[in-house]
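Hi everyone, thanks for coming. Let's take a look at this one together and walk through a few of its features.

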Amino acid sequence: MLQRLHYRLRRLSFPRLTSLRRVLLLLFISLVVISYLLVHITYIRSRKNFDDGIDKPDFKNKADKRMGMKDLSSKIDFPFQVGCRVPDVDAPRANASLVMLARNSELEDVIKSMDSLERHFNQWFNYPWVFLNDEAFDEVFIETVQRHTHAKCDFGRVSPDKWNFNPDIDPEFLKESIESQGDRKIMYGNMESYHKMCRFYSGEFFKHPLVRRNEWYWRVEPDVQFFCDITYDPFIEMEKHKKKYGFTVAITEIFYSVPSLFSATKNFIQERGIQVGTAWELVAKKYGRVIGEHAHEYRDYEEVSKSKFEDLVERNLNLRRILSKPNKADNDLRVFTEASPVRDIFEESYAKPNLFHDKFDDEEYNLCHFWSNFEIARTDLFLSDDYQAYFDFLENDGGFYRERWGDAPIHSIAVSMLLSREELHYFRDIGYKHTTMGHCPNNAPGKQLPYKAAYPEFSPQKDNSIFSIFKKSSPDATARNGVGCRCECPVGHKDYEDFSSTCIKHFAYVMSDDFKEQKPIDVDKIENKVNEKIDRYLKLGGKLGEHSIKNLQ
């Protein structure tokens with residue numbers, strides 16, 4: 001590009017310009033080129049994703065947080081389409097709709113979201129739109145919205161009894177609970193309307209007639225952007241692959257917004273006799289539950305590593321042997337406590353406990369959740385008896401106002417509780433952004449197709465302005481493991497897969513072919529194994545507690 005520009009500049013003549021004006025013009029052009037190069041370099045660095053040449057993430061390496069270039073596919077979950085396909089505009093459609101909760105005052109943001117999703121998906125598939133509001137939509141909203149889609153639009157009202165809190169709640173207590181969250185700087189905690197919205201999305205949303213009539217819904221929020229063309233029907237693909245819940249962003253929740261949510265959930269599981277599905281480890285951080293005859297001796301050490309746990313077992317077995325020897329215990333105990341190299345290895349276990357833990361039955365909430373402002377799901381999942389019982393249980397607990405329970409962690413905990421791993425799907429190929437966070441995948445190399453609009457208004461307009469040189473239509477075309485179709489990522493975009501990857505990395509591990517469900521620690525088996533090693537060590541002339549035998553085969 002620079003060579004072509006240099007060639008053209010050499011051929012330029014400015015007969016009507018003074019020398020000073022020529023110099024100024026050349027300086028301006030030079031600044032434009034330099035600016036483009038700087039932006040381009042910044043963009044490439046931001047989308048490089050620190051490619052280390054490894055396709056699969058190293059789940060055992062806690063420092064391996066660079067996920068953007070990794071292959072996260074497994075036998076049970078993979079992109080429905082890598083790259084582009086020709087949209088099948090005549091294929092049968094699923095019983096589904098695009099659903100948005102919005103107010104009249106949000107019209108501009110509603111149109112922004114609609115235009116983006118229509119441009120990247122719905123122009124080819126024409127799924128109906130459903131708009132919900134806790135007030136009546138005005139004529140301006142209705143007429144404007146209908147002009148921005150060729151699909152059918154329905155407008156529904158959320159009745160006050162479905163939107164508001166139970167009138168039996170003491171209004172003063174309700175007010176104080178919400179105001180105190182504002183005093184504690186909990187995000188949106190002092191907004192009563194936000195609490196009501198979270199409660200509505202957690203339970204009443206699915207029961208609205210315009211939502212429950214469909215088997216599927218795609219939740220769309222005002223003021224969101226889509227970056228990639230979706231040239232297949234996600235509802236049909238979800239049905240085909242027996243999926244029930246799909247997401248595109250997973251992040252950690254703010255602890256102080258849901259401090260008692262997990263304990264309430266565990267109470268519900270116990271009370272209703274729920275057998276959690278294989279997806280449970282997506283949200284539950286499990287500690288090593290100890291079983292066996294001497295399990296009671298190890299209850300305080302469940303969080304140490306397997307290696308340190310075996311060291312602790314060896315220490316206890318040595319101590320038992322010493323105490324069982326008549327007349328020699330004092331001397332051997334001195335050797336054991338002073339000479340043993342294992343005496344200090346348990347300092348981590350004696351450290352001050354983490355007061356933020358909400359540990360319940362050897363588990364706690366890891367704070368991971370699917371960002372529910374984008375979700376594609378089966379409606380009957382949330383209309384099931386178990387889910388509705390869960391919502392009623394949480395409603396009676398009062399956390400929707402006493403704390404700031406969001407619908408995102410509630411949906412995430414619920415689907416992890418009720419579904420198997422195979423029923424969840426990560427829409428990694430869908431580029432999406434809401435507020436400041438988003439995901440924009442690498443394009444699939446060699447699997448792109450020319451863009452073809454279904455309607456004239458979606459035909460791309462050529463940008464001939466000087467600022468067009470700053471636009472970058474996609475990540476590096478040679479990017480590894482790209483899955484997107486014609487993705488146009490914002491310049492300088494920071495993908496959550498790279499800078500906030502804890503939860504997506506954990507999701508990828510639980511969904512991976514290498515995943516192994518955590519089993520209880522059987523102390524009896526470990527003690528038998530260590531006892532055999534101690535016997536061999538003593539036969540070789542060793543002394544009890546004098547040396548660690550963990551490396552003895």
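C440 and C489 are both buried, where buried means under 20% relative accessible area and exposed means over 50%, with partly exposed in between (1.4 Å probe, protein chains only). Before I go on, this is a predicted model, so to speak of local features we need pLDDT of at least 70, side-chain atom pairs count only at pLDDT 80 or more, and totals for chains, interfaces and linings use all residues. Residues are numbered from 1 along each chain as its sequence is written, and side-chain values use heavy atoms, leaving out hydrogens and water.

Back to our cysteines. C440 and C489 form a disulfide with sulfur atoms 2.0 Å apart; a disulfide here is a pair of cysteine sulfur atoms within 2.5 Å. This link is left-handed, with -85° about the S-S bond.

How many disulfides does the structure hold? There are four. Another one joins C84 to C485. Its torsion about the S-S bond is about 105°, so that disulfide is right-handed. C84 sits in the loop between α2 (19-48) and β1 (96-101), and C485 in the loop between β15 (437-439) and α17 (496-499), so the pair ties together parts 401 residues apart in sequence. A quick word on those labels: helices (H or I, at least four residues) and strands (E, at least two) are DSSP runs, numbered from the N terminus.

Now please find helix α19, residues 523-539. Which of its residues are buried? They are V523, I526, E527, V530, K533, I534 and Y537. These cover an arc of only 130° around the axis, which puts them on the same side of α19; the arc is that of the directions from the helix axis to the C-beta atoms. An α-helix has 3.6 residues a turn, so residues three or four places apart point the same way. On the other side of α19, K525, N528 and K539 are exposed.

The largest cavity has a volume of about 100 Å³. On a 1 Å grid over the protein atoms alone, a cavity is a set of points where a 1.4 Å probe fits but cannot get out, and lining residues have an atom within 4 Å of a point. Grid points are joined across faces, edges and corners, and a volume is the space filled by probe spheres set on the points. Helix α18 (residues 502-511) gives the largest share of that cavity's lining, three residues.

Technical notes: 1 Å grid on protein atoms, 1.4 Å probe; cavity = no way out; pocket = protein on both sides within 12 Å on 5 of 7 lines; lining within 4 Å. Expected span 1.5 Å × (residues − 1).
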